[in-house]
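Welcome! Please open your viewer and get ready to select a few places one after another.

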Amino acid sequence: MFFSARRQRPRLYLHIGQPKSGTTSLQDFLALERETLSEQGFLYPRLREVENDNAHHALSYDLREETVPGLRMTPHDPSRKARVWDQLAAAVRDTTCSTVILSSEDLYFLDDDGERHRSGVALLANRLKPLFSSITVVAYLRRQDEHVESWCNELVKYGFRRNTLDIATLAETLPVCHSDYHMLRELWVRRFGEDAVLFRAFRPDRLKNGSIVDDFCDLVGYQPSSRLMDFSHRNLRLTRLGFEVMRHLNRFEHSLPVHRRAVELIQDLAVEPPEDPGAEAPFEYFREPLREKWRDSNRALRLDFPDPLFEKGQGGVRPYCLWQPPDLEALREAAALAALQDDRCAAAAGALVAAAIDVMRTEYHAL
């Protein structure tokens, strides 16, 4: 990378997530503001020939293919010939902006506990350091029980690995980066330096105006346009009842389009059962060994979490969803109607939802 002797390399803010902490909202807003950002000296690069040009996931996918043996990220980024790192280098070389922003929550997973032959974070540091005068790594972290519940919901909602496990068991299969924030921070500090890694608690009462978008803009020194007042984005989660229906639906072989149609049906009609005592204390959905991992991490890395050591309640594991058979009636009726449609995808989704509900009822009555 060649820079004119009269021009300093720009600085970089590297937003790495975590997933389910408002990342999509932030990326969509920054993409919407690209022109206004540029006017204030900020470059939010747009990558060409990638699936999502609002974010920079393709940079991370490229690194993960180099570090995880046999990994192919084709479903996520079909344009593997896009040479995304060359695109970034050219954009940084040509910009007159003094600050660059990159954002991808996929970077959060670069060095999870999977098999690899080299460190993805180390490779990332080697790629970025020649381009920038300084690098600040930013992550917004939810308290572990809230994050793990949300991430398990995401896995089931999008059909990753077609999970059929209950949430407590599924949580125990997740990479360590979802639980040990101290370890995660040390991993990034090792490559970028102690002062370069900024981990912030994702709490509405600690974020500027309760918003990650407001907070990040304030952090980097950007004055957003008036569009921020009207900007909103919702990546709707499944209810706890919806989660239970989807994991039972995953018992049956089906395609991704059918899965998506089933999610639409479930999101409309699988309402949250009332008076779930675990809703305000998500850690109660998970077993004690996992809770202890969270406590150990939070003792080592103090973040501004309420009850960071989960000391306000020491009860056993609660059922994830206290549903009753009548809670499924409206959804079962809608699924039966969908199964009669001429649209084959919708019909398959309806039949699958109906089958999942039948399994749930059978198991309920067997208890």
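The tour below goes from a strand to a helix and ends in a loop.

This is a predicted model: local features need pLDDT of at least 70, side-chain atom pairs count only at pLDDT 80 or more, and totals for chains, interfaces and linings use all residues. Residues are numbered from 1 along each chain as its sequence is written, and side-chain values use heavy atoms, with hydrogens and water left out.

Stop 1: Select residues 135-141, strand β4. Helices (H or I, at least four residues) and strands (E, at least two) are DSSP runs, numbered from the N terminus. Six of the seven residues in β4 are buried; buried means under 20% relative accessible area (1.4 Å probe, protein chains only). Look for Ala-139 opposite Phe-199.

**Stop 2: a helix.** Select α15, residues 344-366. Its buried residues include Ala-346, Leu-352 and Met-360. Among the elements covering them, through contact (heavy atoms within 4.5 Å), are α11 (240-249), α12 and α14 (329-338). At the N-terminal end, Asp-343 is the cap, with a side-chain oxygen 2.9 Å from the backbone nitrogen of Cys-345.

**Stop 3: a loop.** Select Glu-284, between α12 (256-269) and α13 (288-300). Is Glu-284 buried or exposed? Glu-284 is buried, because its relative accessible area is 9%.

Key
Buried means under 20% relative accessible area, exposed over 50%, partly exposed in between (1.4 Å probe, protein chains only). Two strands pair if DSSP finds at least two bridges between them. The expected span of a helix is 1.5 Å times one less than its number of residues. A polar contact is a pair of N or O atoms within 3.5 Å; within protein, one must be able to donate a hydrogen and the other to accept it, and residues adjacent in sequence count only if both atoms are side-chain atoms.
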